[in-house]
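Q: Could you show me how to read a protein model, one feature at a time?

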Amino acid sequence: MDPDQLLFRAGGYWWDGTTWYRPGQVWDPVAQDYERRKARLAVTVSAADMLDGRAAPAVAYIGKVRAFDPDAGGPDNWLSGLALWA
């Protein structure tokens, strides 16, 4: 594994911390490695990007795994939980 590859995505795309790259498909015989081809128009979306100012991380519900009930309803405002996580 290349140490520059910090994050992978389905289909072989990878990210080095600043740029998304396409899957290694073009072999460079001189470098004995696949060519690094940047993914055009790639967008990275984080949890913080999904927030619009209405979330209140101070009121977010933090549940315990041991008390998880799959049949219980979800939280009233999941954006607050997302804001706390982000």
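A: Gladly! This is a predicted model, where local features need pLDDT of at least 70, side-chain atom pairs count only at pLDDT 80 or more, and totals for chains, interfaces and linings use all residues. Residues are numbered from 1 along each chain as its sequence is written, and side-chain values use heavy atoms, with hydrogens and water left out.

Q: Which helices and strands does the chain have?

A: Helices (H or I, at least four residues) and strands (E, at least two) are DSSP runs, numbered from the N terminus. Here there are 1 helix and 5 strands, in the order β-β-β-β-β-α along the sequence.

Q: Is P23 buried or exposed?

A: Buried means under 20% relative accessible area, exposed over 50%, and partly exposed in between (1.4 Å probe, protein chains only). P23 is buried, because its relative accessibility is 12%. Of the 86 residues in the chain, 16% are buried.

Q: Where does P23 sit, and what does P23 touch?

A: Look in the loop between strand 3 (20–21) and strand 4 (27–28). Contact means heavy atoms within 4.5 Å. Setting aside neighbours within four places in sequence, P23 contacts G11, G12, Y13 and R37.

Q: How many salt bridges are there?

A: A salt bridge is a side-chain nitrogen of Lys or Arg within 4 Å of a carboxyl oxygen of Asp or Glu. The count is 1. D52 and R54 pair up this way, at 2.6 Å from N to O. D52 is partly exposed at 46% relative accessible area, while R54 is exposed at 63%.
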